[in-house]
Amino acid sequence: MANGAGDTAEIEALLDGVRNGRADATDRLFALLYDDFRSQAHVLLRVGPRQTLCTTELVNETWLRLSGRTLSVESRRHFFNLAARAMRQLLIDRARVRGAGKRGEGGEALTLGAASDVAADEPFDVLALDRVMTELAATDPALAELAQMHLFGGLGFGEIAELRGVSERTVFRDWRTARMFLLRFITGTD
Amino acid sequence: MDADNDRIERLRRALVLARAGLERAPAERAAWLAHETAGDDALRDEAWALLQLDGAPQHAFERIGEGADEPVDPLLGSTVGPFRVDRRIGSGGMGTVYRATPVAGVTRQPVALKVVKRGMDSEDVLARFMRERQILAGLAHPNIARLLDGGLTGDGRPWFALELVDGDPLTAWCDARRLGLARRVELFLGACEAVAYAHRNLVVHRDLKPPNVLVTAGGEVKLLDFGIAKLLDGATDATRATRLAMTPEYAAPEQFSDGPITTQTDVYQLGLLLHELLAGLRAQRSGEGGNTARFDADDDGLLAERAAARGTTAAALQRSLRGDIARIVRRAMHHDVARRYASVAALADDLRRWLRNEPVSATDDTLAYRARMFLRRHRAAAGAAAAVVLALGVGLGLALREARELRRAERSTENALGLLEDVFLGADPWRSKGGDTRATDLLAHARKRIAADSAHDPAIAARLLGEIGAVYVSLGDRASAEGTLREAVRAGELAGAAAALQTDAARARLAHYRLVVDGDRGALADLDAAIAGLRASGDAGRLPLAQALEFKVDDAFNTGDYASIPPLSNEAVQLYKAASGDASIETSGALGNQASLLRAIGRPADALAPAAEGWRIVGKLGDAAPPGAYLYAEQQYAGALAANGRGAEAEPLLRDALSRARAEMSTDRDLVDGIAWELASTQATIGRFDDAASGLRELLTRIDMKSANIAAVHNMLGSAEFARGRAQAAREAYADATKLLCGEDPTTPPCVVVRLNLAEALVAVGAAEAAPALRALDVDIGSADGRPRRRWQLLEARRLAAAEQLDAARAQLAPLLDAARAAPTPALDDANVLAEIAGIEARAGERDAALADYRAAERRLAAIWVGEPPQLATIRARIAQLGGTTDAAAAVVSGP
């Protein structure tokens, strides 16, 4: 894909760096992924009949370009963690830009896909989600990481379980816990 | 700053509590939380507010990762196979679904085209995709979207085309039309039929949820998306991939816990779907993947809205959602597989009964459940070869007993209600409560009234409560039964001597629950005390005493104390005779119980007399005997005959029972199928293999039961086909049985039995797989010196003889010969050994020895079978070739 996230060798090298705790590698990989998502999201959003964004597919596309190589579980965990973070950042930045352009501060109502069993065009505030996610991270960083991987990285519970080396049941229970938290505070009824 | 830190610390603690709270049952959470927070009300409130949100409907933010139309999709507008891709209509984990139109053709009917996603064509996904295609190819049912075509796209991705279903999810369809509950259930039955059909084809859907059950504008129900369906063929599952794809909100507990996926997984999901369809909201998720029904809405506004969508009022909806229909839903979505409906057909049957206002089988704790638990406990002891067959046979006997209990319950309901009507409820309780009233509602109402008034006339109250309790016992509603019986005991204690009999009878029943169902040995003393009390009551206490003695027999059976069963059972029969008459239905039933117990404890010879007596009684009563009682007696007698090697006499009885059951009790499919199974088994043992095979094949087209039972039918079919000389058909049937039975552990006794059968068919058709199959069996049988080893030696000898290794074959047979030649009673295994060695001897030119062994085999087979099945004909032909005469030829004067 055009504007791909560097070449795969570079990404693998960066993942090695991340694994060895090198902050610069983390930053560089984050930036790479962010740019990658942004360039593709741009294409999707410009062309689409409705302005829709499919973050799961974006993250997966990027991953698939890498997955020819066999990476360790640890590297994969770092990858998806960073990818989810980058995706979250991208969505927030877009919301901020739009919001600022339209009505100063405030969040953008992002239109979601017309999945059959959720009301189409049901808007919600990305920035509100981001705020609650930040709050969750302050309260329980591990739960926040899981929620981020699931929501922004589009990973299923089974995949997360594998990456974290715990049972799927544990992941599911953690997700339910995180979800209670997010639901409790996203509506602003604090 | 500190305030902020405090707040976060408080939230952290609340979150920890909420997470722990998830592991408790919803009903216990409040009390548990209060205990954990011990006075810190703010913390308790925070954790409680969090917990309340578990199971809340999906919020929009959870969809942030999903998109809809992928704008740049090269497939749009292109041609795939004979179709032009019009637009995208959906996207799943591994594939994208398009609407497409045939490029050529007359109808130009649009289709749904499913294509593997680009980049997702890993081996795993491809295998899953192809499996869905393969599964769909095998399913042709009006309620399942049909497979039309398949192939590869230009860039090599597989696709398939399906009938395009233009419809709405069942739930939304019904709401939009404001359908009432009955109409909803009727539509839901269409989905049940589709799922039951899939099960008969060994397919479990395991992703049943509203978006996958659509209704067309014309009102046709269509089942979609077999993307994570499982073939019950024993093949290992792509577990990881399918678990990624499962829908947690609709998953059964066993899908979370990695338990075995069976047809009952679909029963669970159908239960959830039915719940949502009727109540208008998803069941409450509780604990480890279980769900709790929530029919009692706490929000009046919501309830009114849902009632309006069902064309009724809030009060009427709530009333309708109590009682039988709620029990049906709860049983379907029971977290314990053993207590769930055994099959979709059983669920559908109950729903049909509910539609017809008939009593339903769904209860909270049934005798059938106890029977299953009993079998589970005793399976190891039941013996290798007979395990599966026994499971069906004994299970059937107990089921029949249960059915008899139910019919008894109907009568005693009538009695109790007649009394209640006069004494408590005024002239016409049915009219006063409206036409929708069900007997169980009335019963509950009566119980409340009587219990509230029991101080007024405690003796009458004790008696009525005892009767109502007995009805609940028979209906299997344990909670209500225990509650009512305790009320009866309380009233009885108030009444003193006037109600001593009723009090002891109720005590005996209460003890029975604890003792037999729960295995609480402490209740034995209570039961004995009640029995002593009933003995002291004299003649009036005979019936409850007989019943209490039968409870004691149940306990003896469960604890394996077989020696005390016959005297107790005899005493019970004598009491029934004295109380109800020598030739009464009650006595016949007690005799049948006695016979089934004697058979079950391995004393078939003793079972014959009581079974025959019970059968004579119903024969004399003629039309006065209810069909259920008649069938029970007939079945017990046939079973006793067959257990004593008198299958030829049992067979006509079973034929009669089957035609009666079909005519008079056709709705009771378990009964009809159970009798059909016993008839086929009996026919197979007496050599009527053609009849057995056709009966079994018919059974397989209709049957919808647990896979272990289907395996038993396949296995029996294999034996019948093999005996008819159709080794290839036998091989297929045995292979099916093996697949069904040997999923996880190929060394279980029933699995070894069917593998030996399969090996026998493989040897017979000269298949190359025979040798490795026997080698594997050799290892798995190990050093155990039982029937499996002896059968293995015979089969190995057959294989060796076929490969011209006659000496090696003789060596295998040698240890079996003496016993086979000397056996006093004719046995099939011995005949097989003798025929085998005779064949080897004949080939070695040892004519006299061969003739002697062939004749011995012939005698045994002729004694076991009626007529001349192929194997016997072959042996007689061999004898003739060797120049000898056969018993049959000697007996027949004229010949060709």
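In the predicted model, strands β7, β9 and β10 of chain B form an open, three-stranded sheet in the order β7-β9-β10, with antiparallel pairing. Its edge strands are β7 (167–169) and β10 (221–223) of chain B, each of which pairs on one side only. On average, neighbouring strands of this sheet are turned by 35° against each other, direction ignored. Strand β9 of chain B spans residues 213–216 and pairs with β10(B) in the antiparallel sense. Three bridges join the two strands. B:Val215 has B:Val221, in β10(B), as its bridge partner. Helix α6 of chain B (residues 181–200) packs on the sheet. This helix touches β9 and β10 of chain B, and its direction makes about 35° with that of β10(B).

A helix pair was examined next. Helices α24 (residues 585–600) and α25 (residues 604–621) of chain B have axes that come within 8 Å. The axes cross at roughly 160°. Angles over 145 degrees count as roughly antiparallel, and α24(B) and α25(B) therefore run roughly antiparallel to each other. Their crossing is left-handed. On the α24(B) side, the contact includes B:Leu591, B:Ala595 and B:Leu598. By class, the contact of α24(B) with α25(B) has nine nonpolar, five polar and three charged residues.

Chain B as a whole comes to 39 helices and 13 strands. Of its 896 residues, 47% count as buried. Among contacts in chain B between residues at least 6 apart in sequence, 59% join residues at least 24 apart.

Technical notes:
Residues are numbered from 1 along each chain as its sequence is written. Chains are lettered from A and ligands numbered from 1 in the order in which they are written. This is a predicted model: local features need pLDDT of at least 70, side-chain atom pairs count only at pLDDT 80 or more; totals for chains, interfaces and linings use all residues. Two strands pair if DSSP finds at least two bridges between them. Helices (H or I, at least four residues) and strands (E, at least two) are DSSP runs, numbered from the N terminus. Axes are lines fitted to C-alpha atoms, for helices over the stretch in contact, and angles run from 0 to 180 degrees between N-to-C directions. Two residues are in contact if their C-beta atoms, placed from the backbone, lie within 7 Å. A residue is buried if 20 or more other C-beta atoms lie within 10 Å of its own, exposed if 12 or fewer, and partly exposed in between; C-beta atoms are placed from the backbone. Angles under 35 degrees count as roughly parallel, over 145 as roughly antiparallel, 65 to 115 as roughly perpendicular and the rest as oblique. A crossing is left-handed if the near helix is turned anticlockwise from the far one by less than a right angle, and right-handed if clockwise. Ala, Val, Leu, Ile, Met, Phe, Trp, Tyr, Cys and Pro count as nonpolar, Asp, Glu, Lys and Arg as charged, and the others, Gly among them, as polar.
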